[in-house]
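Open the model in your viewer and switch to a cartoon view.

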Amino acid sequence: MYKALITCFIFLICSFTRSYASDDVHLEKSETELYEEAVELFDQKKYKQAIRAFRKIEDLYPFSYWAMKAKLLSGISHYNMDDYSSAASDMDDYIYIYPNGEDLPYVYYLRVLSYYMQINRVQLGQQTAYKALELAAEYVNLFSGSEYIEEMKEKVRLITEHILKKEYSIGKFYFRRGEYLAAIKRFQNIISNKDYSYFPRSINYLIAAYSALGLDLEAGQYESLLAENLRGNAVEQ
């Protein structure tokens, strides 16, 4: 019995020693070496392994230059894996931790793309679309000289079109059900965007909805707005 206990104790000591030695060998690697190994995994498209390696750098060398680079490549890895939520989270972390980071224009760009790619995954509500629009507009304001500026302007247009299309569809649904107040709310969300095709169509629905509620004064105001818009379009042509 005593010999068995001694043997067990020696085994545990050996196991601990091997584990400690292994950790010690790992710690002997420089930050640059760890980063190069992580980048090699990234280049081989072994993204899950790369993410673990990048996180190890962040844990061992927080707030360092290579930790900053590791955070960016973790986000890109998540994006390449179609894990857009995690990619957006990584970019949020980068912006918070490294507000003066050298890759900020690209980080903001990738954050917009990460939200943009999630828009069509959301079946109900438009929170993600509105967030993507907010971030894209922010990008245009912050980085007017960026190489991605034209793409971001196009993203603003596409996201706005998506939001208006969804609002218009929901508004029509409520209108056909006779839920005019709910329909009015949706169509009013649209009419601040006069440059889109949904503007005159939404005005027509607002006129019809207010008329159905017996609110002729409000209906008349939207008739005037529609006539003004038609005159404006005629002048432009």
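**First stop: α3 and α4**

Select residues 47-60, helix α3, and residues 65-80, helix α4. This is a predicted model. The two helices pack with their axes 9 Å apart, at an angle of about 155 degrees. Angles over 145 degrees count as roughly antiparallel. α3 and α4 are therefore roughly antiparallel to each other.

Now show side chains. On α3, pick Y47, A50, I51, F54, R55, I57 and E58. On α4, pick W66, A67, A70, K71, L73, S74, S77, H78 and N80. These residues make the contact between the helices. Colour them by type: the contact of α3 with α4 has 9 nonpolar, 4 polar and 3 charged residues.

**Second stop: α8 and α9**

Move on to helix α8, residues 149-176, and helix α9, residues 180-188. How do their axes cross, and within what distance do they come? The crossing is at roughly 165 degrees, and the axes come within 8 Å. α8 and α9 are therefore roughly antiparallel to each other. The crossing of α8 and α9 is left-handed.

Select the contact next. α8 supplies E167, Y168, I170, G171, K172, Y174 and F175. They meet Y180, A182, A183, R186 and F187 of α9. Colour by type again: the contact of α8 with α9 divides into 8 nonpolar residues, 1 polar and 3 charged.

How values were computed:
Residues numbered from 1 in each chain as written. Predicted model: local features only at pLDDT ≥ 70, side-chain atom pairs only at ≥ 80, totals over all residues. Heavy atoms only, no water. Axes fitted to C-alpha atoms, helices over the stretch in contact; angles between N-to-C directions. Helix = DSSP H or I, 4+ residues; strand = E, 2+ residues; numbered from the N terminus. Parallel < 35°, antiparallel > 145°, perpendicular 65-115°, else oblique. Contact = heavy atoms within 4.5 Å. Nonpolar A, V, L, I, M, F, W, Y, C, P; charged D, E, K, R; others polar. Left-handed = near helix turned anticlockwise from the far one by under 90°.
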